[in-house]
Amino acid sequence: MIRILNGNARGQHPRAIDEMFRLRKRVFHDFLKWDVKTDGEWEIDHYDKANPLYVMSYSPETGKLRGSLRLLPTLGPNMLDDTFPILLGDNPEIRSASVWESSRFCIDPDISQDRSSNQVTVAAAELMCGVGELGLASGISHIVTVTDVFLERMFRRMGCPGERIAEPHRIGSVYAVAVAWEVTRELLDTMKHVAAIDGTVLERPMSLETARAA
């Protein structure tokens, strides 16, 4: 199940927000050893002050948070244009009302190390399908992201390869790349087929506009 939270209303959901920022620290700081800012047991940066939407996947059996990502409109502050413009290559900045950025995509490390189950695929696909459903309901044309080449391969296995915006660059300890996905019904259906997901993944129907106003 996918739950969407508005960054400006995060004070109304302290437990969910605490779980998400703790998960981000476990993944990006503790597990992947990325050079990210932490605040106690949280991984949090200035983009979290820009009223993002948080997309979170929960296990239907345990109710535990399995993974999350962050959505930001490219008309405002975003990581690709403002922090990693080198990943645009010779392309101009992406500033469009019809393009949103996904960032801080992460899956619970306890799940990702369990090679005997398909929970990684399901949790990751739920997150991407949630973004797809939001995008289709909102008239969004593309989602862009900064990721590493490992996750890029995972996206391909999930049926959503996307298109590289430019060539990868080594940033810190990883080879990072900017990827764009066209938001289409066909892509959403393919991801759901690969992960054997039936029906909607959203807790309740919504668009990006209604989610940000919630």
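**Salt bridges and ring pairs in a predicted model**

The structure I am showing holds 21 salt bridges, a salt bridge being a side-chain nitrogen of Lys or Arg within 4 Å of a carboxyl oxygen of Asp or Glu. Please keep in mind that this is a predicted model, in which local features need pLDDT of at least 70 and side-chain atom pairs count only at pLDDT 80 or more, while totals for chains, interfaces and linings use all residues. Residues are numbered from 1 along each chain as its sequence is written, and side-chain values use heavy atoms, with hydrogens and water left out.

Let me begin with R70, which forms a salt bridge with D45, the closest N and O atoms being 2.8 Å apart. Because R70 lies in strand β5 (residues 65-73) and D45 in the loop between β3 (42-43) and β4 (53-58), the pair ties together parts that are 25 residues apart in sequence; helices (H or I, at least four residues) and strands (E, at least two) are DSSP runs, numbered from the N terminus. Both R70 and D45 are buried, where buried means under 20% relative accessible area, exposed over 50%, and partly exposed in between, with a 1.4 Å probe and protein chains only.

A second example is the salt bridge of R164 with E167, at 4.0 Å from N to O. Here R164 is partly exposed, with a relative accessible area of 34%, whereas E167 is exposed at 56%. Returning to R70 and D45, salt bridges that share partners join these two with R24, E43, D48 and R104 into one network.

Now to the rings, where the count comes to five aromatic pairs; rings of Phe, Tyr and Trp (its six-membered ring) pair if their centres lie within 6.5 Å, and planes under 30 degrees apart count as stacked, over 60 as edge-to-face and the rest as tilted. One of them is the tilted pair of F21 and W42, with 4.7 Å centre to centre and 35° between the planes. Since F21 lies in helix α1 (residues 14-31) and W42 in strand β3, this pair ties together parts that are 21 residues apart in sequence. F21 is buried, at 0% relative accessibility, while W42, at 24%, counts as partly exposed.

Taken together, ring pairs link F21, W42 and Y54 into a cluster.
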